[in-house]
Every structure is written in structure tokens, then in C-alpha cells.
Amino acid sequence: MKKFAKFAAAAAVALFPVQAIADTGNVQFGATITHSCTIDNVTNGSLGANAGFNVLSSTVGSGTSGSARIVATGNAFNVSVSAPTLTKPTSDTTTETLASSYSTSGATSIASTNAVSDLNNGTTNVTVDMSATKAGSDVFEAGVYTGEVVLTCE
Amino acid sequence: MKSKISSKLLIPSFLGCAFALSLLPQQAAAQAMSPMRGQVKSFSDAFALKVYPANPYEHRIRVEVKVYDQDFNPVKAQVSPANFTLAGRNSRAVNVVVPFLPGATERKIRVCTESVPFPGQSKTTTNIKAQICGKFLAERVE
């Protein structure tokens with residue numbers, strides 16, 4: 001009986017299917033990235049006044065620069081800022097000179113400028129500043145002032 | 001008894017929500033758009049484009065699509081829809097129809113996606129408006 005059992009076990013092992021050749025298969029993953037520019041992480045800034053109250057600027061006193069991040073998935077894009085606009089109280093009737101500028105770091109490094117600049121492929125951090133300056137003896141009157149700068153990627 | 005329990009639960013909930021809202025980042029809207037370059041041919045007096053503004057954030061943003069010429073002067077065009085809100089991580093098609101100028105055989109335009117801050121969102125004194133512009137050349141085929 002024991003012999004029969006050993007024989008049966010040996011026969012079972014011998015008859016067990018053996019995979020002689022292993023096969024391989026390729027699993028593919030595809031993605032398409034569009035040629036585009038994204039502006040995100042936009043943080044507004046604030047304007048500070050100088051001691052003479054004839055300059056409002058994001059780089060003066062308590063003023064803070066605005067910032068944003070630009071992600072370009074290719075070359076041939078450029079970055080620029082518009083001339084700023086300023087909303088002011090109606091009591092302020094004198095004119096002011098407005099200016100805006102930006103600087104970048106990261107994939108594209110640009111020192112402070114207001115000109116159109118080429119963007120490199122990658123992530124670029126942008127710092128945006130603006131200022132408003134009264135001429136002569138004019139000053140900014142009491143009230144709320146709001147400036148706006150358009151940051152463009154094209 | 002029930003109202004006492006619910007009021008005990010509600011007050012901390014409201015405080016929690018208010019605290020959470022106060023911690024939300026004061027960010028302006030972002031922009032993305034595709035395609036950003038294109039060339040179209042048209043047999044008629046106008047040409048049509050389709051662009052896809054996208055919202056890269058998790059929260060919804062308000063978007064405005066405008067058409068400009070090469071010098072950023074506004075161009076009269078039919079934009080549909082021109083002003084809408086976009087859910088987070090979403091994009092949608094916008095159709096733009098622009099007429100050729102009389103006698104012109106081509107026209108270069110910019111189609112720009114601009115952010116529109118929600119009312120009362122901005123409490124600072126400088127706003128940065130994000131603008132993504134695609135450049136397109138249209139040719140009139142006789």
C-alpha cells in the first residue's frame with residue numbers, strides 16, 4: 001500500500017504541467033501635454049505711502065509686492081505686465097504717474113523690468129510691483145486706493 | 001433636550017467653519033488656456049476659433065474671455081460664453097467668431113482668458129489680474 005502511494009505521488013509530480021516558456025508583455029502608459037502657459041498661485045500685494053504722501057508703492061513703507069507662478073510647457077511664450085490702473089477717492093482730483101514692473105526667478109531669471117521678456121520652459125516665479133507718484137506739491141488724499149496690474153503670459 | 005444638544009454642536013461647528021474660512025489663502029484667480037497658437041482658414045467674412053480656458057485650482061474661479069488685436073486693442077467679436085465660472089480642475093470650450101476687416105485677407109488676433117475676482121474677495125490695495133493670451137492667425141480663402 002505504501003509502495004503504491006509513493007508510486008502514485010511520483011506519477012502525479014511527473015504529470016504536473018510545467019510552463020516551459022515564460023512570455024512577456026508591454027504595458028504602455030500614454031499622456032499628452034498641451035503647449036500652454038498657466039498662471040497660478042497669484043497673491044495680491046499692497047501699497048504703502050512714503051513720508052511725504054506723494055508716492056504710493058508696493059516697495060515703500062508697509063507696501064508688499066504681488067506674486068504669481070507661471071508654468072510654461074514649452075518655449076516661445078513671453079511674460080509682460082500692463083501699465084497699472086489706480087482707483088482712487090473722488091476727492092483726489094490731481095493726476096499721478098503710474099508704473100509697474102516685475103522680476104522673475106526659477107526657470108527664467110529676469111531682473112526688475114517692465115518690458116516683454118521671453119519665458120523658458122518650466123516653472124517661473126514672478127514678483128510684481130507697482131507705484132503711483134504725484135508731481136510737485138500734490139499728495140495722495142485720505143481714502144482707499146486700489147491698483148491693478150495685468151500679468152500676461154502669451 | 002434635543003435642541004440643547006444641537007445648539008451645543010452647531011456653535012462649535014460655526015466657529016470651526018469661520019476659523020477655517022479665515023485661514024483660506026487670499027489668492028486671486030489663476031488662468032490657463034489651450035491652444036495658445038493657431039492658424040485658421042476661412043471662406044467667409046469671419047472666422048471661428050475654439051479655445052479651452054482651464055482652472056488649475058481646486059476651487060471655482062470666474063473667467064472672462066476677451067479678444068484683442070496685436071496692440072491689445074479690443075476687437076469686436078462674438079465670444080460664447082464670454083463670462084462664466086469654472087469649477088476646480090476643469091476646463092470648458094469657448095467659441096470665438098471674429099470678422100475679417102474689410103478688404104483684408106488675414107487677421108492676427110489674441111484671445112485672452114482673464115481672471116475676474118469675486119466681489120469682496122480682494123481686501124488688498126493692489127490686484128494682480130492673470131491673463132493668458134493665445135495668438136491666432138486667420139487667412140481668408142477666396
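# Two chains, strand by strand

Reader: Hi! Let's begin with β1(A) and β4(A): in which sense do they pair, and over how many bridges?
Author: β1(A) and β4(A) pair in the antiparallel sense, over five bridges. Strands count as paired if DSSP finds at least two bridges between them. One of the residues involved is A:I39, whose bridge partner in β4(A) is A:I70. Likewise, A:C37 stands opposite A:A72 in β4(A).

Reader: Thanks! What kind of model is this, and how are residues and chains labelled?
Author: This is a predicted model, in which local features need pLDDT of at least 70 and side-chain atom pairs count only at pLDDT 80 or more, while totals for chains, interfaces and linings use all residues. Residues are numbered from 1 along each chain as its sequence is written, and chains are lettered from A and ligands numbered from 1 in the order in which they are written.

Reader: Back to β4(A). Which strand do seven bridges join to it?
Author: That is β10(A), which runs antiparallel to β4(A). A:A72 takes part here too, with A:G122 as its bridge partner in β10(A).

Reader: And why is β4(A) called largely enclosed?
Author: Because five of its seven residues are buried, β4(A) is largely enclosed by the rest of the structure. A residue is buried if 20 or more other C-beta atoms lie within 10 Å of its own, exposed if 12 or fewer, and partly exposed in between, with C-beta atoms placed from the backbone. β1(A) is also largely enclosed, because five of its seven residues are buried.

Reader: How much of each chain counts as buried?
Author: Buried residues make up 29% of the 154 residues in chain A. For chain B, it is 31% of 142 residues.

Reader: Now the chains together: how many residues of A are in contact with B?
Author: 29 residues of chain A are in contact with 27 residues of chain B. Contact here requires C-beta atoms, placed from the backbone, to lie within 7 Å.

Reader: Which element gives the largest share on the chain A side?
Author: β11(A) does, with eight residues. By class, the side of chain A that touches chain B has twelve nonpolar, 14 polar and three charged residues. For these classes, Ala, Val, Leu, Ile, Met, Phe, Trp, Tyr, Cys and Pro count as nonpolar, Asp, Glu, Lys and Arg as charged, and the others, Gly among them, as polar.

Reader: Which strand of chain B is joined to β1(A) by bridges?
Author: Strand β1 (residues 31-34) of chain B is joined to β1(A) by three bridges, and the two run antiparallel. In β1(B), A:T38 has B:A32 as its bridge partner, and A:I39 has B:Q31.

Reader: Switching topic: which residues touch the most other members of the largest nonpolar core?
Author: A:A68, A:I70, A:L151 and B:V111 do, in a core of 44 residues. Such a core is a set of buried Ala, Val, Leu, Ile, Met, Phe, Trp, Tyr and Cys residues joined through C-beta atoms within 7 Å. The largest share of this core, six residues, comes from strand β9 (residues 126-140) of chain B.

Reader: What is B:V111 in contact with?
Author: Leaving aside neighbours within four places in sequence, its contacts include B:L49, B:V51, B:C133 and B:F136.

Reader: Last one: is A:I110 buried or partly exposed?
Author: A:I110 has 17 C-beta neighbours inside 10 Å, so it counts as partly exposed. It is found in strand β8 (residues 110-113) of chain A. Not counting residues up to four places away in sequence, A:I110 touches A:S103, A:T104 and A:S117. The C-alpha atoms of A:I110 and A:D138 are separated by 34 Å, with the two residues 28 apart along the chain.

Note on methods: Two residues are in contact if their C-beta atoms, placed from the backbone, lie within 7 Å. Helices (H or I, at least four residues) and strands (E, at least two) are DSSP runs, numbered from the N terminus.
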